[in-house]
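Subject: Structure for you to look at

Hello,

Here is the structure I promised to pass on. Please open it first, then read my notes below.

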Amino acid sequence: MTRTFALPTSSRRQVLDITEEVAGMLAKTDVSSGLCTVTVPHCTCALYINEHEEGLLHDVLTLVGGLVGGEDWHHDRIDHNAGAHLGATLLGNSVQIPVEGGNLVLGTWQRIQLVELDGPRHRRVNVTLISD
Ligand code: ZN
């Protein structure tokens with residue numbers, strides 16, 4: 001089953017912790033063991049799993065901005081957001097988390113993060129649950 005929640009973003013580039021929203025969607029199901037896949041149906045935002053620490057969030061955005069900035073990208077001739085597309089391509093648009101005991105199996109410091117690269121926008125997040 002796939003369920004969707006809406007997520008408005010407020011900045012051009014930002015990292016949002018969506019772990020509680022995903023866990024909340026899992027809690028509304030009877031899935032106790034299986035796999036949770038989270039995807040974003042967008043071309044200019046991304047997902048990753050890591051620590052949600054302020055300094056690290058800054059570093060992630062600085063890293064991505066440094067990798068995709070300063071070039072004369074061809075896509076900029078269309079809508080001036082090639083860097084956002086390229087950053088999303090590098091980071092990816094999905095993450096997978098095992099489910100055990102009705103809970104997401106994440107490490108102590110691991111959080112599910114949505115990276116907005118071309119905001120502010122109204123984003124949608126898809127949560128697909130596969131039960132064992
Ligand atoms: Zn574009």
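Let me start with Thr-19, which lies in helix α1, residues 19-27. Helices here are DSSP runs of H or I with at least four residues, strands are E runs of at least two, and both are numbered from the N terminus.

Two points on the source. Residues are numbered from 1 along each chain as its sequence is written. This is a predicted model, where local features need pLDDT of at least 70, side-chain atom pairs count only at pLDDT 80 or more, totals for chains, interfaces and linings use all residues, and side-chain values use heavy atoms, with hydrogens and water left out.

**Around Thr-19**
Thr-19 is buried, at 4% relative accessible area. (Buried is under 20%, exposed is over 50%, partly exposed is in between, with a 1.4 Å probe and protein chains only.) Leaving aside neighbours within four places in sequence, Thr-19 is in contact with Leu-104, Leu-106, Arg-111 and Ile-112. Contact means heavy atoms within 4.5 Å. A polar atom of the Thr-19 side chain lies 2.7 Å from the backbone nitrogen of Ile-112.

**Salt bridges**
There are four in the structure. The term means a side-chain nitrogen of Lys or Arg within 4 Å of a carboxyl oxygen of Asp or Glu.

- Glu-20 pairs with Arg-111, with the closest N and O atoms 3.1 Å apart. This pair links distant parts of the chain: Glu-20 is in helix α1 and Arg-111 is in strand β7 (residues 111-116), 91 residues apart. Glu-20 is exposed at 52%; Arg-111 is partly exposed at 24%. Asp-17 joins Glu-20 and Arg-111 in a network of salt bridges.
- Glu-116 pairs with Arg-123 at 2.8 Å, N to O. Glu-116 is buried at 0%, and Arg-123 is buried at 4%.
- Asp-118 pairs with Arg-121 at 2.6 Å, N to O. Asp-118 is buried at 14%, while Arg-121 is partly exposed at 36%.

Asn-81 is buried at 7%, whereas His-85 is partly exposed at 21%.

Best wishes

Technical notes. Polar contact = N/O pair within 3.5 Å; in protein donor to acceptor, adjacent residues only side chain to side chain.
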